[in-house]
Amino acid sequence: MKKVTGLGSAPASEPTAPSTYRAAVIGTGFMGRVHSHAVRANGGEVVGVAGSSLARAEAFSASHGAGRAHADALELVRDPDVDVVHVCTPNHLHAPLSLAALAAGKHVVCEKPLATDASTARDLTRAARDAGLTAVVPFVYRFHPMAREARARVASGSVGRVGLVHGGYLQDWLLRPEEDNWRVDPSVGGPTRAFGDIGSHWCDLMEFVTGDRISSVCAQTSRFNERRGTDGGRAVTTEDLVTLQFATESGAVGTAVVSQVSPGRKNQLVLEVSGTEGSLRFDQERPETLWAGGRERTGTVSRDDPGLSADAARLVTLPVGHPQGYQDCFNALVADTGTAVAGGEPEGLPVFADGLRAAVLAEAVLVSARERRWVDVPAAEDHTARPKGPIRPGLYE
């Protein structure tokens, strides 16, 4: 199988259907449902599902068209009928299940975060590279056509030299102290919550659209709620929100605000890019259009624009007036995963190296917030070498 490399490394290519896409889905929550739908939407088959119990797996199988229910996830991973393993579990299980799948010769689609620390994410990236298997992390906001259009316009130079990037990702689903979730527990979700869960999406989209990398960060973290749950709940150590300043390798500067406790904000991911000739703004809650501004005129670009870039146009699957959204992004990601499994090189498919990149950024953010200082982010392209510089010694051991 041809190895898929990371961030924009391959020319655009039309999806080519693999001979089979027989998927195992591990996890029966919301993400398991989204992944299963995307597999079936692309003509694939969910041959089996595993959950936290056999009863959950059986209920999921009956409701979502999975072939078999398994009590043992590793048994499903090793099933010879499986081509691709979709890991949709709580975060602490991502690494062991992905490693088991790679060891069994299976392609992998692993929910982010790839791992709860950068060292383990590095091991996973190396394992996928050495196995020559397709290994994907669903940074799915890349698959909005208008996000691709923004990327194409930046790459073409139409906005000039980028000097400022800003925006954020705001939600409110953990606003109240009685609202709790496994993601709050660092032994399950990892040491970062708001940034690891949704800030990673924003940073990935920012780097993908601009083609630039964050080189240093200065972050603050905070909590609205020191305890969560009923009857006094449990003490909380992970962050509810993050504010971030950053600089990029090209010399641009930027800011981002990430929150899971902003009342009324359900899933607002906004990215604005300002260059010497123009600005672009993408809002994930209004994904049908891209705002484009300049000194002389300001307007919006819709996904039926006759001048849309080829990479954006290939992701348009419905006529304008029939909105494309989150599930369509997942469908496109699985389509491109199938292309990669078949030996193609789809443009912009997010792979394990991108998941490692997110883990490296997350650790830099946590160090910055804890030590109240600017922190350099390792510049290695795939981060497989131990980074040098002012990052706290031992962080990547």
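Visitor: Where is the place of His144?

Guide: In this predicted model, His144 lies in the loop between β6 (135-136) and α6 (145-156).

Visitor: Is His144 buried or exposed?

Guide: A residue counts as buried under 20% relative accessible area. His144 has 1%, so His144 is buried.

Visitor: Which residues does His144 touch, leaving out those up to four places away in sequence?

Guide: They are Phe282, Gln284, Pro287, Gly325, Tyr326 and Cys329. Tyr326 also belongs to helix α10, where Tyr326 is part of the meeting with α1.

Visitor: How do the axes of α1 and α10 cross?

Guide: The axes of α1 (residues 30-41) and α10 (residues 326-341) come within 8 Å and cross at roughly 60°. That angle is why α1 is called oblique to α10. The crossing is right-handed.

Visitor: Which residues of α1 and α10 meet?

Guide: From α1 come Phe30, Met31, Val34, His35, His37, Ala38, Val39 and Ala41; from α10 come Tyr326, Gln327, Phe330, Asn331 and Val334. Sorted by class, this contact holds nine nonpolar, four polar and no charged residues.

Visitor: Which residues in α1 are buried?

Guide: An α-helix has 3.6 residues a turn, so residues three or four places apart point the same way. In α1, the buried residues are Met31, Gly32, Val34, His35, Ser36, Ala38 and Val39. Their cover includes β1 (22-26), β2 (45-50), α2 (54-64), β4 (84-87), β5 (107-110) and α10.

Visitor: What span does α1 reach?

Guide: With 12 residues, α1 reaches 17 Å from its first C-alpha to its last, close to the expected 16 Å. Just after α1, Gly43 has a positive phi of about 80°.

Terms used
Residues are numbered from 1 along each chain as its sequence is written. This is a predicted model: local features need pLDDT of at least 70, side-chain atom pairs count only at pLDDT 80 or more; totals for chains, interfaces and linings use all residues. Side-chain values use heavy atoms; hydrogens and water are left out. Axes are lines fitted to C-alpha atoms, for helices over the stretch in contact, and angles run from 0 to 180 degrees between N-to-C directions. Helices (H or I, at least four residues) and strands (E, at least two) are DSSP runs, numbered from the N terminus. Angles under 35 degrees count as roughly parallel, over 145 as roughly antiparallel, 65 to 115 as roughly perpendicular and the rest as oblique. A crossing is left-handed if the near helix is turned anticlockwise from the far one by less than a right angle, and right-handed if clockwise. Contact means heavy atoms within 4.5 Å. Ala, Val, Leu, Ile, Met, Phe, Trp, Tyr, Cys and Pro count as nonpolar, Asp, Glu, Lys and Arg as charged, and the others, Gly among them, as polar. The expected span of a helix is 1.5 Å times one less than its number of residues. Buried means under 20% relative accessible area, exposed over 50%, partly exposed in between (1.4 Å probe, protein chains only).
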